[in-house]
Amino acid sequence: MDQDALNKIASKGLPMPFSVDRSGATLVADSTMAYKEQLSQAALVIFETISALGEVKIGTIEIIGEKKGVVVDLDAEGLVGTIFEPVEGRVPPEYWNLLRELRVKPAAAVPSQRLAMVDPVILDKIKAILQDYVGDFTERIFQNQMKNQGIKIEELHNEDVRRLILALGKATSMIVGRSKGRDLSRKLIELVK
Amino acid sequence: MDILDKIPGIIGYATVGAADGKVEEIKGSSATALGDLTAYFSSAGEVIRNNFDMGELKYISLTYGSNRLVIVPYEHKFVGFEIERDKQPLEIIEQLTVPAVVERAPVEVPRNLASKVHQINLLVDEFGGEDELEHWLDLLNQSLSVLGRDVAPIMGVVESRLAFKESPPADKEDDFTQALRYVVDFLVKKAVEEMGSSQARAKVQAVIEKMR
C-alpha cells in the first residue's frame, strides 16, 4: 500500500484514512497528515494491548467520542483505519467496505505465513482427542467453538487451528475441570507442533 | 449492574473501576475473558481518546470471532458487554442508559421450551440447595457458555433463575430445545460427579415429581 491508495480511498468517501504496519511504519492520506504522529502512537497502544491479551483475535476496533471517532480493521500485517466525525455516535457502514478495499493486494503479492493453509483432516484428529474428554458433548462443543472463533473449514489456516485449540482447552476446562482441560490442550498442541 | 442481566442480546458482561482499572464483576455466559478485555481496552481507548481530543467517550467496540464487546463509561466504571457481532452497539447502549423508558414486548415462550427452563431451574435448586446455589448457578452459566451458544444471547440467569429475556425466534425452536437438553445433561452429569450417582438420582427423581 502507498499514499496514493490512501488518497484514492479518501476520494471515495473515507474521510481520513491511514495504515500502520506491525513494525510501526505509518502511512496517511493527505487529509490525515495532521494526525500522523498521533496515529503512530495510537497504533502502538493498540498493538501492545492486543499482544498483552494474547489469545483473542481482534478483527475491528471502534473508539467513538463526542467529537471524533476512530475505526480500525486489523490483520496479521497491521491495521488500516480512518478518523471521522460521528453522527449520533454511529459508524457509517460504508466505511468498513472502503477499509476492506484497502486490504486488496496485487496478484503478485507474496503469501505471508498467516496465509499458509492447513489440511482440514486435522479437525477430525482434534475431535477424536476431544471425544476422550467430553464424550457426548464433543460435536456440540467443537461446532460452538468453530462458530465462536469464526473459523471456516474451506479457509483453514495455522493460526485458526491454534486459536481453536486454545478455545477448546478453555471450554473443556469449564466442563470437566482445569487439569483435564490443560491435559487436552497439551495433547492438541502436539498435533500442530 | 443487574439491569444488564435483563437486556436481551447481552451474552455476558464485566465491570471495571475507571480509576484503578480493577475488574469488579464478571457475569453471564460468555466464554471470552471479558474482564481482561474490558480493563485493557478501556485504558487503551482513554489514551487514544485523549490523543485525538475526541471529546467525551461514547463507546469502544471490538469484534472477535462471531462476537463483539462494547465498552461504555457508566458512572465511575467501565462496563464491557458481549453481544453478537452483527448487533449494533447503540441498540444496547440505549437500553442501558434509559432502561425505564424502554417498553419491551412481552416474552412468549413455547410450552416445551418453558418446560425445559423450568426443569433446569428445579435441577439447580435441588442440586444447589441453600448452601451451594451460587456454585450451581456458576455451572449453569458455564454450560450455557460452552453448550448453549444458540441460546446465550436471549437467555440468561436473571435474579438467580434461568429465563428468556425475549421471545425465541420460531424457526430456532429446535435449536433451542437441543441446546437446553445439553444443559440438562451437563447438570445431571455434574451432579453424579459431585455427589455420587445414588444421591444425584434421588434429586433428579425429586425434580421429576415436582414437574408432574
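Q: Which residue in E3(B) does A:Thr60 stand opposite?
A: This is a predicted model. A:Thr60 stands opposite B:Thr63 in E3(B).

Q: How many residues does each chain bring to the contact between chain A and chain B?
A: One reads a contact by listing the residues on either side. Here chain A gives 39 residues and chain B gives 37 residues. On the side of chain A, the elements that give two or more residues are helix H2 (36-53), strand E3 (58-65), helix H5 (138-148) and helix H6 (158-176). Sorted by class, this side of chain A holds 18 nonpolar, eleven polar and ten charged residues.

Q: What does chain A look like in terms of helices and strands?
A: The elements are counted, then read in order. Chain A has seven helices and five strands. Along the sequence the pattern is α-β-β-α-β-β-β-α-α-α-α-α. The C-alpha atoms of chain A fill a box of roughly 60 × 40 × 25 Å along the principal axes.

Q: Into which domains is chain B divided?
A: Chain B is divided into domain 1 (3-97) and domain 2 (111-211), as given by an automatic or database assignment. The contact between them takes twelve residues from domain 1 and 13 residues from domain 2. Helix H1 (3-6) and strand E5 (77-84) of chain B each supply at least two residues of the domain 1 side. That side divides into five nonpolar, four polar and three charged residues. As for spacing, the C-alpha centres of the two domains of chain B lie 27 Å apart.

Q: Why does B:Met195 count as partly exposed?
A: The class follows from a neighbour count: 20 or more other C-beta atoms within 10 Å make a residue buried, 12 or fewer make it exposed, and anything in between is partly exposed. B:Met195 has 15 C-beta neighbours inside 10 Å, so B:Met195 counts as partly exposed.

Q: Where is B:Met195 placed?
A: B:Met195 is in helix H6 (residues 173-195) of chain B. The C-alpha atoms of B:Met195 and B:Val183 are separated by 18 Å, and these residues are twelve residues apart along the chain.

Terms used. Residues numbered from 1 in each chain as written. Chains lettered and ligands numbered in written order. Predicted model: local features only at pLDDT ≥ 70, side-chain atom pairs only at ≥ 80, totals over all residues. Contact = placed C-beta atoms within 7 Å. Helix = DSSP H or I, 4+ residues; strand = E, 2+ residues; numbered from the N terminus. Nonpolar A, V, L, I, M, F, W, Y, C, P; charged D, E, K, R; others polar. Pairing = 2+ DSSP bridges.
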